[in-house]
Amino acid sequence: MDIVRQKKQPLFKSRSNWLILAVTCLLLVIGLFVNRNDASFRVNEGSILADRVQRGDMEINIRGNGVLVPEDIRWIATDTAGRVERIYAKAGAVVQQGDLLLELSNPLLVQQLEEDKWELEALTAQTKAEIVAMESALLDLEAAVVNEKLNWERAMLTLKAHNKLLEQGVNIVSKIALAEIKIDVEQSKKRWQLEQRRLAKQQQNLAAQKVALQARLKRMHRVVQRSQVQVDNLNVRATMDSVVQEMSIQLGQQVNVGASLAKLARNDRYIAELQIPEKQIKDVALGQKVTIDTRSNQITGVVNRIDLAVINSSVKVDVTLTGKLPAEARPDLTVDGVIEVAHITDALYVKRPIFVKSNTLQDIYLVDETGNFALKKKVKFGLVSARYAQIEAGLKQGETIIVSDASSWKEHSKVLIN
C-alpha cells in the first residue's frame, strides 16, 4: 500500500520573516548594550557593601572604648622629712587598713620629742607649785577674815554689855569708854568687810591664774602630741583596704615633707572611663544604661558623669558599675562600652551607611531590582547608632542600599555594578 507523505512547510515562508527576526534580535542586543552603558561610573561588586531595609525594634547605642579605674584612689604623702629605712609592701601587694607600708628615720624628730616631753614635765611641776602657793595665800586670807570676824563679834559683846549696864543705871562705864567701844566695833566691822573683799579678789585671781596655767600646760601637751604624731608618721601605714598601685621610692632615699610615697586603690569598687566621639556625645545623658565588655565578661552600669572638655576629638564619660565585678577586673583593664541611648519600636532601619549623621537628609545609592545598577536617592535619616540608622522617609522595607563608602561616586546619579 502506498503511503502519502506530507511535505513540511518552512518556518519562515519568505525572506521578510527572516528580516523581522534579525531586526528584533538586533534591537534587543542594542537595547541591552545601551542599558548597560547608561551608567557613567562602574564599580566592582566585591568592593561594596549593601544592606536590606528592615522593620522592627531598633536599639540606638553608642560605643566607646576605655579602661577600668578604681573608684577610690589615695596618694599616701608624708608630713615629716626622713630617710627610707624599710619598704614592707611593693606595687601589687594587697594591704589592709593600718598595715605598715614603709618606715622612715629622722633622729632630729625623735630628739625633739624627748625634749618636748621633758619640758612638759617641768611645766607640769611648775604649774602645780604655783597653784599650791596661791591656794596657801588664799588660806591665809581666809584665816584673816575669820580673825577679823571674831574681833568684831568680841567688840559687839562688849558694847552690848556696856549698853545694858547703862540701861540699869549703873554708872561704872563712862561715856568716853562707851564711845571708844563703839569705835572699836565699827573698825572691827570694816576690817572684817575689807578682809572679805580681799578674800574674794584672791579667789578670783586664783581661778584666773589656774585657767592661764592650764592653758599653757595644754599648749605644751599639744606640742608633745604633735611631735609624737610626727614620730609615729615615720611608720607609714595604709589608710584603707586596697591594692598598692605604685611605690615610687627606694631604700635609702631622702624624702621631704609632702612627698608622695605610695598610691593605693580600692580593689573592690571600680568605675569605667569611656572615650566617646565628640560627634556622638550630644546623645549621651546621665543615668543611661551601659554594658561594659571586658572581653571575657560583661558588666552592667549607668552613666554618672560627662566631662565638659573635648580631648583628642573625644569626651570622657564615667560609668558607675552596678553589676558584679568579674575576676579579671583590675586597674587600667581595657574595656569596651555600649551606651543605650534609645529603644524604638516598629522602626524602619538599615545598617548605618558611612558618614551618615542623625536627623539629616542625605544622598545614598539604591540598588535596583536586577542588582546591576545603583541609583542616587535622597533619604531622610532619624536617629543613628554605631551600627544602624533609622529611616524616616525615602526608602521602603525590602529595598537594598549601598552602605560602604560612596564618596568617590557622589557626582554620578547612576552606577553600574559588575
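Q: Buried means under 20% relative accessible area, exposed over 50% and partly exposed in between (1.4 Å probe, protein chains only). Is tyrosine 349 buried or exposed?
A: The model is predicted: local features need pLDDT of at least 70, side-chain atom pairs count only at pLDDT 80 or more, and totals for chains, interfaces and linings use all residues. Residues are numbered from 1 along each chain as its sequence is written, and side-chain values use heavy atoms, leaving out hydrogens and water. The relative accessibility of tyrosine 349 is 12%, so this residue counts as buried.

Q: What share of the residues of the protein count as buried?
A: The protein has 418 residues. Of these, the share that counts as buried is 33%.

Q: How many helices and strands does the protein have?
A: Helices (H or I, at least four residues) and strands (E, at least two) are DSSP runs, numbered from the N terminus. By that reading the protein has three helices and 21 strands.

Q: Among contacts between residues at least 6 apart in sequence, what share join residues at least 24 apart?
A: Contact means heavy atoms within 4.5 Å. Take the contacts between residues at least 6 apart in sequence. The share of them that joins residues at least 24 apart is 77%.

Q: Where is methionine 134 found, and is this residue buried or exposed?
A: Methionine 134 belongs to helix 2, which runs over residues 107-167. Its relative accessible area is 14%, so methionine 134 is buried.

Q: Which residues is methionine 134 in contact with, leaving aside its neighbours within four places in sequence?
A: One example shows how far along the chain to look. Glutamine 202 is 68 residues away in sequence from methionine 134, and their C-alpha atoms are 8.4 Å apart in space. With neighbours within four places left aside, the contacts of methionine 134 are Gln202, Leu206, Gln209 and Leu213.

Q: How many aromatic pairs does the count come to?
A: Rings of Phe, Tyr and Trp (its six-membered ring) pair if their centres lie within 6.5 Å; planes under 30 degrees apart count as stacked, over 60 as edge-to-face and the rest as tilted. Under this rule, the number of aromatic pairs is three.

Q: The rings of tyrosine 349 and tyrosine 388 make what kind of pair?
A: The ring centres of tyrosine 349 and tyrosine 388 are 5.4 Å apart. Their planes meet at 85 degrees, so the pair is edge-to-face.

Q: How many residues apart in sequence are the parts that the pair of tyrosine 349 and tyrosine 388 ties together?
A: Tyrosine 349 lies in strand 16 (residues 334-351), while tyrosine 388 lies in strand 19 (residues 388-393). The pair therefore ties together parts whose separation in sequence is 39 residues.

Q: The rings of tyrosine 365 and tryptophan 409 make what kind of pair?
A: The centres of these rings of tyrosine 365 and tryptophan 409 lie 5.4 Å apart. Their planes are at 65 degrees, so this pair too counts as edge-to-face.

Q: Where does tryptophan 409 lie?
A: Its partner, tyrosine 365, lies in strand 17, so the pair ties together parts that are 44 residues apart in sequence. Tryptophan 409 itself lies in the loop between strand 20 (400-402) and strand 21 (414-417).

Q: Are tyrosine 365 and tryptophan 409 buried or exposed?
A: Tyrosine 365 has a relative accessibility of 4%, so tyrosine 365 counts as buried. Tryptophan 409 has a relative accessible area of 5%, so tryptophan 409 is also buried.

Q: Which residues is valine 67 in contact with, leaving aside its neighbours within four places in sequence?
A: Valine 67 is part of strand 3 (residues 54-70), and its relative accessible area of 26% makes this residue partly exposed. Tyrosine 270 is 203 residues from valine 67 in sequence, with the two C-alpha atoms 10.0 Å apart. Neighbours within four places aside, valine 67 is in contact with Ile271, Ala272, Glu273, Asp332, Leu333, Thr334 and Val335.

Q: What is the phi of aspartate 332?
A: Aspartate 332 lies in the loop between strand 15 and strand 16. Its relative accessibility is 55%, so aspartate 332 counts as exposed. Although aspartate 332 is not a glycine, its phi is positive, at about 65 degrees.

Q: What is the phi of asparagine 312?
A: Asparagine 312 is found in the loop between strand 14 (298-306) and strand 15 (314-321). This residue is exposed, because its relative accessible area is 73%. Asparagine 312 is a residue other than glycine with a positive phi, near 55 degrees.
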